[in-house]
Amino acid sequence: MTYQRIAVFGGIYNNYLALEVAIDDAQNRGAEALFCLGDLGGFGPYPDRVYPLLQTHGIQVMRGNYDVSLAEGEADCGCGYTDPRDNFFAEMSYKYTFENTAECYKQWLATLPDTLRVQLGRYRLHMCHGSPRQVNEFLWESTTPDCLIDKFCQDYEADAILCTHTGIKWHRQLPNDRHCINAGVLGRPENDGETHVWYTLLTAEPDLQVEFIPVRYDYQRLAQDMRDEGLPEEFVDTVLTGWWTTCLEVLPGKERARGRW
């Protein structure tokens with residue numbers, strides 16, 4: 001099937017409140033289909049509130065590293081962190097999500113694909129979580145060279161690569177009309193001092209149009225949910241302030257310089 005307009009969501013991280021708003025917004029903007037690039041759990045509260053939303057609204061979902069770990073009963077999230085502090089918080093988050101995800105949803109995650117192929121107008125889209133070659137690879141705007149994007153497009157017979165995992169959106173168009181698009185995430189703010197989150201709207205007009213859409217949701221309610229569930233106050237602070245307090249060591253210099261810490 002060939003689409004003309006689609007919506008793409010990055011990591012949801014249990015943020016069911018932002019997901020509800022994003023689904024409604026994308027449908028109101030005329031998206032013909034909605035896609036999720038994985039990492040449904042982690043960071044936020046009540047994981048089992050996310051899965052029914054995705055299923056009820058017919059969203060096409062692929063697995064991220066978190067989803068693979070949950071489905072296979074792994075001991076950690078496979079997030080790709082190396083810093084001990086980042087791994088400490090990742091372990092807390094994964095343990096909470098694993099213990100609060102029903103077995104039926106873990107089984108559902110096991111049925112999901114690891115990539116998605118989509119035709120948008122004349123553009124062939126290859127959707128992945130981290131990168132086409134590794135589920136937890138970080139493709140940062142400042143450290144991803146054009147030649148790598150071009151190679152991915154050649155190797156995977158695509159005109160555009162769509163990914164997430166980093167938590168920060170970006171888009172680059174090469175001179176040959178190939179693209180790399182990091183869709184951002186719905187799960188937490190972008191380390192920019194703003195409380196909203198993001199998804200991506202793609203339209204073939206016939207050239208590829210990429211629009212990053214802010215999602216304003218009840219972040220104070222999410223913060224209270226997180227406190228009620230005993231999640232780390234560091235996570236709550238990120239939701240309330242828009243500044244990351246964890247996962248900072250993985251940021252390249254240019255991305256980290258935009259933040260507070």
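1. Basis. The model is predicted: local features require pLDDT of at least 70, side-chain atom pairs count only at pLDDT 80 or more, and totals for chains, interfaces and linings use all residues. Residues are numbered from 1 along each chain as its sequence is written, and side-chain values use heavy atoms, with hydrogens and water left out.

2. The sheet. An open sheet of 6 strands runs in the order β1-β5-β6-β7-β9-β8, with mixed pairing. The edges are held by β1 (2-3) and β8 (170-173); each has a single partner strand, so one side of each is left without a neighbour in the sheet. Strands (E, at least two residues) and helices (H or I, at least four) are DSSP runs, numbered from the N terminus, and two strands pair if DSSP finds at least two bridges between them.

3. Strand β7. In β7 (residues 160-163), A160 and L162 point one way, I161 and C163 point the other way, and all are buried. Here buried means under 20% relative accessible area, exposed means over 50%, and partly exposed lies in between (1.4 Å probe, protein chains only). The pattern may be read against a general rule: in a regular strand the side chains alternate between the two faces of the sheet.

4. Neighbours of β7. Strand β6 (residues 123-127) pairs with β7 in the parallel sense over 3 bridges, and L125 has A160 as its bridge partner in β7. From β6 the chain crosses through helix α6 (residues 146-155) to β7, and this β-α-β crossover is right-handed, in that the path from the first strand over the helix to the second runs clockwise with the strands pointing away from the viewer. β7 also pairs with strand β9 (residues 179-182), in the parallel sense over 4 bridges; C163 stands opposite N182 in β9.

5. Helix α8. F235, V236, T238 and V239 are the buried residues of α8 (residues 233-241). They lie on the same side of α8, because they cover an arc of only 155° around the axis, taken from the directions from the helix axis to the C-beta atoms. These buried residues pack against α4 (84-99) and α7 (219-228). Just after α8, G242 takes a positive phi of about 85°.

6. N65. This residue lies in helix α3 (residues 65-72) and counts as buried at 3% relative accessibility. The side chains of N65 and H165 are joined by a polar contact of 3.3 Å. Such a contact is a pair of N or O atoms within 3.5 Å; within protein, one must be able to donate a hydrogen and the other to accept it, and residues adjacent in sequence count only if both atoms are side-chain atoms. Not counting residues up to four places away in sequence, N65 also touches others (heavy atoms within 4.5 Å), including D39, C77, H129 and N136.

7. Aromatic pairs. The count is 11 aromatic pairs, where rings of Phe, Tyr and Trp (its six-membered ring) pair if their centres lie within 6.5 Å; planes under 30 degrees apart count as stacked, over 60 as edge-to-face and the rest as tilted. Y66 and Y94 form an edge-to-face pair, 5.5 Å centre to centre with 65° between the planes. This pair links helix α3 and helix α4, 28 residues apart. Y66 counts as buried at 4% relative accessibility, and Y94 counts as buried at 4%. F89 and F235 form a tilted pair, 5.9 Å centre to centre with 50° between the planes; it links helix α4 and helix α8, 146 residues apart. Both F89 and F235 are buried, and ring pairs link F43, F88, F89 and F235 into a cluster.
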